[in-house]
Number of protein chains: 2
Amino acid sequence: MTEPPPQLIVGVLGGMGPAATIDFMDKLLQATGAEREQDNLRLLVDCNPHVPDRNHPIADGPQPGPVLADMASGLQKQGAQIIVMPCNTAHKFTADIRAALTIPFISLIDETAAMLARRYPQAKRVGLLATTTCIEDRLYQDAFAKQGVDSVTLPPADAARLMALIYQIKRGDRSDAARAEMKALADQLTAAGAQVVVAACTEVPLVLAAHDIAAPLLDTTQVLIERTLAYARDGELILTAA
Amino acid sequence: MTEPPPQLIVGVLGGMGPAATIDFMDKLLQATGAEREQDNLRLLVDCNPHVPDRNHPIADGPQPGPVLADMASGLQKQGAQIIVMPCNTAHKFTADIRAALTIPFISLIDETAAMLARRYPQAKRVGLLATTTCIEDRLYQDAFAKQGVDSVTLPPADAARLMALIYQIKRGDRSDAARAEMKALADQLTAAGAQVVVAACTEVPLVLAAHDIAAPLLDTTQVLIERTLAYARDGELILTAA
């Protein structure tokens, strides 16, 4: 047996929701395409569904930021060398997470913005399938605006429909009805002028694939997988992490 | 939001192989059937595909026992309150793991033997779909023998076929051909007198389900899921952990 190639140990802030974390692990394994078990990346995963709800923070209740900071710190102590988080909305707490670490935290928001610029340099208007918190906090809108790209979001009633659908998916619903509804919401964004649809919530790709819609789909779960492999396996330098 | 019910944090010694770990996490999530994300168990998963091969230990190379002991100790330090391992063969190193812990390590071997006695009290001969290491070390044969149950194993040529098939599955093969071959090996055990077939390797249920064979299938991944929920969520006392 030869020694495994030098790789970074990847810490995963997970459980938001658990199905999205498992989806990330599964697709990462497939994307790695290792011939031998030993050639896959080592992942330290804190799959913690008890992180306070990112979409319903209670003013005087436990806040997600300190919980995520503790989880990140625990993963670093256990040996993680870089940290990723397959949940877009929780990136609202990126500053808390980075303050708890001396290793890089890979921002899914920044990586997705960079991937958009690389893959769709002509795109000037992109559509966001994201949680209301992610939209209200302008996580993607601001990142894209820096690149001169406008964001199209759903009108309030449809944003509420998307939010309800995301909670359905979190409860395990991957039915044809759920798929049809997600597709309809994506199509609505393209009808409003989006040239690319961004699956900016990791529950979205659980029921929506690129071949489901006519417009190009930028899937943030896939972005995170590609960048995790680039940094942890292929030795690419991490430039986007603060 | 109400407080989540008291639950134990579950440490998972994983990555042997990664697909089996992901399969365990996915089926555990489904079996939990939580209405709210926050009602799922928190898992700390060390998905480490770099654990030296349990089936080809090299005399003077790194041994799996100390690596597993370090991983277990790391999970306890990170906050795990019980430890499980969705890999049957690695239970050869149970003593190393337990020596590194002051929290319970749930033996999949002992739990499967107990489940066999509960679920199939009449069974006197069971068939083992297991790795050659698991068979040679008599992990299951000895546990079943204590209960007066005989084990049926495959003849050497077929045991080698099963081993090759397990490595194929570890490389991602879940094809119809792989399914048919696993079914044929299971049927061979029943033809040799097995009243119950034990999927005694966590790669087996990736290509074999209960409805695929005529004999009852005792799936060790499902056993581990049921017992993890009983101990970590439902507060059942742990009696089998040494």
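This is a predicted model: local features need pLDDT of at least 70, side-chain atom pairs count only at pLDDT 80 or more; totals for chains, interfaces and linings use all residues.
Residues are numbered from 1 along each chain as its sequence is written, chains are lettered from A and ligands numbered from 1 in the order in which they are written, and side-chain values use heavy atoms, with hydrogens and water left out.

**Stop 1: a residue with two partners.** Select Glu37(B) and Lys170(A), whose side chains form a salt bridge at 2.6 Å, N to O. Helices (H or I, at least four residues) and strands (E, at least two) are DSSP runs, numbered from the N terminus. Over all chains, the structure holds 32 salt bridges.

**Stop 2: the whole interface.** Now select the residues of each chain in contact with the other, meaning heavy atoms within 4.5 Å. You will have 36 residues of chain A and 36 of chain B. The area buried between them is about 3,100 Å², with carbon and sulfur atoms giving 57%; this is the accessible area (1.4 Å probe) that two parts lose on being put together, summed over both. Every one of the interface residues of chain A, 100%, is also an interface residue in chain B, so the copies meet through the same surface.

**Stop 3: strand against strand.** Show S2(A) and strand S2 (residues 43–47) of chain B, which pair in the antiparallel sense over 5 bridges. Strands count as paired if DSSP finds at least two bridges between them. Pick Cys47(A): which residue is its bridge partner in S2(B)? The partner is Leu43(B).

**Stop 4: the axis.** Finally, zoom out to both chains. A rotation of 180 degrees with 0.0 Å of shift along its axis superposes chain A on chain B (RMSD 0.0 Å), which is the relation of a two-fold axis. To find the axis, select Val45(A), whose C-alpha is the nearest in chain A, 2.4 Å away. The superposition is by least squares on the C-alpha atoms of residues with pLDDT of at least 70 in both copies.

Conventions. A salt bridge is a side-chain nitrogen of Lys or Arg within 4 Å of a carboxyl oxygen of Asp or Glu.
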